[in-house]
2 protein chains.
Amino acid sequence: MEKLNKGYTQIYTGNGKGKTTAAIGQAVRAAGFGLKTYMIQFMKEYPYNEIKALENLKEWIEVVQCGKDDYVYKKELPPADEITKAINGLIDAKERMLSGKYDLIILDEICVAIYFKLFSTDAILDFIKSKPENVELILTGRYCPQELIDAADLVTDMTELKHYYQKGVLARRGIES
Amino acid sequence: MEKLNKGYTQIYTGNGKGKTTAAIGQAVRAAGFGLKTYMIQFMKEYPYNEIKALENLKEWIEVVQCGKDDYVYKKELPPADEITKAINGLIDAKERMLSGKYDLIILDEICVAIYFKLFSTDAILDFIKSKPENVELILTGRYCPQELIDAADLVTDMTELKHYYQKGVLARRGIES
């Protein structure tokens, strides 16, 4: 099986649409080349449709969800069990990254998880620093701290120029969620 | 099978990474909901890995490539046969959009195709205007003309904040192509 010679750290951030979808598209593209992806999604505990479709690619793309985000809407800090869950998820992701079994690791919504105090920026900086040479790492989520931008190789800011949410449209199944 | 009640026109533009990958991720998400996608890629005539992986989702996602882009590198205008090919591809995509068989239509790199004179902006404006209510339309590519931005419901500008290409790295198989 082909492996990456050199992997980089990519970040998709900004207030626009397409951060998670870009990461998924990247995993699909990598799968076409036989590369293996592990994606962990933070603060997303409901059945997103991309996960259902990705089951057809499960030989190459593994997706897990880790933790929920209801405390955000209650304007509360994350409860202790959510922090524990998140940290265990990150530790597991790091073990997988170091295992040599995966070519692409995606920490989906990790920047949001930092923003809402599930992780310190330093914890994620350490994660980036421990990335093996031949693994590609993708971080997504709005509110990316500058320290992570400085540490990454590729940073794309998705800027919302225009959005129908502004017209009062709710999220539609199969499109937004 | 479930259908979209209301479809919108989305554009992913800008000089950053992730425009096509966001569109593919969107198709994968829609597939998880049983929605059908037709994606036509302009000016991309070689086997991108996403197409290989998407074969596993071919029940939901159909991808065709239409035309090449070698004249760009020769700094020439598109030859007549490439223009014909592109126009036929667009007509076919329009027929599919109007057929009721697809929920999501993706015109990948269409903005680039306008920029390089394969299409007039008006031809694509007409395409947007003929979109049925329950179809989602996604246009991608840098250099999006303002007229299309005005006509779209959702526009995301992918801005490159930092890129390892700047370090002289070539496109890597499975990641960039």
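A: The axes of helix H1 (residues 19-31) of chain B and H1(A) come within 6 Å and cross at roughly 90 degrees; axes are lines fitted to C-alpha atoms, for helices over the stretch in contact, and angles run from 0 to 180 degrees between N-to-C directions. H1(A) and H1(B) are therefore roughly perpendicular to each other (65 to 115 degrees). Among the residues of H1(A) that make the contact are Thr20(A), Ile24(A) and Val28(A), and those of H1(B) include Thr20(B), Ile24(B) and Val28(B); two residues are in contact if their C-beta atoms, placed from the backbone, lie within 7 Å. Helices (H or I, at least four residues) and strands (E, at least two) are DSSP runs, numbered from the N terminus.

This is a predicted model, in which local features need pLDDT of at least 70 and side-chain atom pairs count only at pLDDT 80 or more, while totals for chains, interfaces and linings use all residues. Residues are numbered from 1 along each chain as its sequence is written, and chains are lettered from A and ligands numbered from 1 in the order in which they are written.

Over the whole interface, 46 residues of chain A are in contact with 46 residues of chain B. H1(A) gives the most to the side of chain A that touches chain B, with 10 residues. Strands take part too: S6(A) and strand S6 (residues 154-162) of chain B pair in the antiparallel sense over 7 bridges, where pairing requires that DSSP finds at least two bridges. Lys162(A) has Val155(B) as its bridge partner in S6(B). Of the interface residues of chain A, 100% are also interface residues in chain B, so the copies meet through the same surface.

Terms used: Angles under 35 degrees count as roughly parallel, over 145 as roughly antiparallel, 65 to 115 as roughly perpendicular and the rest as oblique.
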